[in-house]
Amino acid sequence: MSILNLNDSALLKTQSYINGQWLDASSGDSFAVTDPATGEIIARVADLGASETQQAIAAADQALAAWKNKTAKERSQLLRAWYDLMIEHQEDLAAIMTAEQGKVISESRGEVLYGASFVEWFAEEAKRVYGDVIPHTTHNRRSLVIKQGVGVVAAVTPWNFPNAMITRKAAPALAAGCTMVLKPAAETPLSALALAELADRAGIPAGVFNVVVGTNAVAIGGELTASPIVKKFTFTGSTPVGKLLMKQCADTVKRTSMELGGNAPVLVFDDADLDKAVDGVIAAKYRNAGQTCICANRIFVQDSIAEAFTQRLTEKVNQFVLGNGFDGATTIGPLITEKAAANVHSLVEDARSKGANIHTGGNIDGQGDCFYQPTVLSNLNSEMRISREEIFGPVAPIFTFATEEQAIAMANDTEFGLASYVFTKDMSRIWRVSEAIEYGMVGVNEVAISSEVIPFGGVKESGQGREGSKYGLEDYLEVKYICMGDI
Ligand code: SIN
């Protein structure tokens with residue numbers, strides 16, 4: 001199947017979407033979007049920059065008054081219409097995603113549902129933005145709290161979830177009465193533009209949701225962070241880039257939400273159900289070929305079960321079929337770029353040169369330079385880069401520990417704090433470890449922790465703010481206190 005075989009070919013857009021219009025770059029420039037599995041060019045997309053970003057910010061600003069003055073129910077109905085269209089076009093959205101991102105088509109179908117679930121959830125939550133009446137302390141006064149959208153929001157989203165990372169930001173923003181300028185990753189703009197086309201068809205008014213596509217992230221990000229019109233900046237991506245963007249936002253004291261890097265530990269204790277732990281690590285490590293911020297990055301296994309665990313994990317990893325995501329037999333796809341695969345390989349080579357055992361994989365695959373073999377490593381130590389750096393590829397590094405205290409210390413020995421996972425049957429330990437580990441999210445005997453109803457986010461240098469759930473809506477709301485006197 002090719003992206004050219006979409007059921008609805010109008011979903012393949014190559015221009016940016018600003019103020020309800022499809023626009024080329026004023027420079028006339030364009031760039032190629034390629035399929036990481038084949039290297040083929042899927043489409044050439046208009047390459048916008050600073051001036052068009054200003055245009056998009058102005059459009060979002062102009063659209064703000066009418067959008068925020070709609071009733072919550074009106075906004076809710078428009079979001080619901082957007083959701084319905086995503087579900088109707090699930091197959092095309094999934095095909096676009098696999099073509100530009102490489103993930104296996106079943107995972108793309110799943111991501112479209114995941115992405116749509118945020119729109120459905122926040123369509124409902126839009127109607128539940130309640131304020132407070134504060135019990136008064138003075139007889140002739142009453143104190144009230146109302147919640148209002150923050151205003152124009154800028155969002156920069158990554159390539160690893162080309163649909164869901166957009167809706168996880170856009171849906172609460174629009175529900176809260178904010179308008180948005182989105183800059184999606186240049187590797188995966190087609191999914192974002194297809195979402196814009198569906199927003200347009202849903203009747204979301206011009207200027208409410210704008211998508212600016214371009215390769216000059218510095219110029220576009222510079223405009224979005226510097227503009228005094230933009231009141232909130234939300235980013236999903238790496239910690240170094242997040243820090244830079246936060247600094248840029250400081251000049252206009254913007255609110256920021258940052259979903260940054262992870263270094264997720266998995267703690268497998270000797271009382272765990274070993275098969276469940278192995279299956280959990282398979283799911284948490286190899287989802288999206290290891291390219292998620294919550295992928296298992298360091299697997300800590302108690303000494304006494306380490307050998308059995310490593311053997312069973314390796315057996316399962318050997319069952320993966322690496323290939324083109326459109327191929328029905330494929331269970332793991334390519335990485336996003338050749339550079340990404342080379343980075344993963346340099347981590348493996350560093351570990352190998354310092355004494356790591358490679359149980360399976362360990363190389364770029366013969367199928368192409370973006371394909372990395374599903375890999376299992378053991379005999380690792382803290383001198384190896386893989387013990388500290390986010391792998392973002394299908395490599396499972398197994399470390400060992402002796403005691404619970406040691407496992408907690410090893411898990412916390414990182415500047416990151418996004419997701420973590422614990423496998424044990426001991427209820428007291430579940431509480432002790434969950435409370436002691438410094439992470440925004442803890443999966444206990446469970447790795448499928450993400451959904452629209454939970455607060456996704458991290459602590460330490462993994463970011464700030466939460467996405468999804470009622471907490472995710474709060475991130476797009478200001479609290480206003482009203483004091484009524486002379487009562
Ligand atoms: C991410 O990798 O940032 C998102 C993962 C998820 O939503 O499950």
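The largest cavity is lined by Y114, N160, F161, M165, R168, E259, R287, T292, C293, I294, S450 and F456. A cavity here is a set of points, on a 1 Å grid over the protein atoms alone, where a 1.4 Å probe fits but cannot get out, and a lining residue has an atom within 4 Å of a point. The model is predicted: local features need pLDDT of at least 70 and side-chain atom pairs pLDDT 80 or more, while totals for chains, interfaces and linings use all residues. Residues are numbered from 1 along each chain as its sequence is written, and side-chain values use heavy atoms, with hydrogens and water left out.

The lining comprises 6 nonpolar, 3 polar and 3 charged residues; Ala, Val, Leu, Ile, Met, Phe, Trp, Tyr, Cys and Pro count as nonpolar, Asp, Glu, Lys and Arg as charged, and the others, Gly among them, as polar. Because domain 1 (3–261 + 462–482) and domain 2 (264–413 + 419–451) both contribute lining residues, the largest cavity lies between them. The domain bounds come from an automatic or database domain assignment.

The largest cavity holds about 90 Å³ of space, and the structure has 4 cavities of 30 Å³ or more. Such a volume is the space filled by probe spheres set on the grid points, which are joined across faces, edges and corners.

The ligand takes up the space of the largest cavity, in the sense that more than half of its atoms lie within 2 Å of the grid points. Polar contacts (pairs of N or O atoms within 3.5 Å) are listed below.

| Residue with polar side-chain atom | Distance to a ligand oxygen atom |
|---|---|
| Y114 | 2.6 Å |
| N160 | 3.3 Å |
| R287 | 2.9 Å |

The protein covers 100% of the 260 Å² of accessible area that the ligand has on its own, as computed by the Shrake-Rupley method with a 1.4 Å probe.

Conventions: Polar contact = N/O pair within 3.5 Å; in protein donor to acceptor, adjacent residues only side chain to side chain. 1 Å grid on protein atoms, 1.4 Å probe; cavity = no way out; pocket = protein on both sides within 12 Å on 5 of 7 lines; lining within 4 Å.
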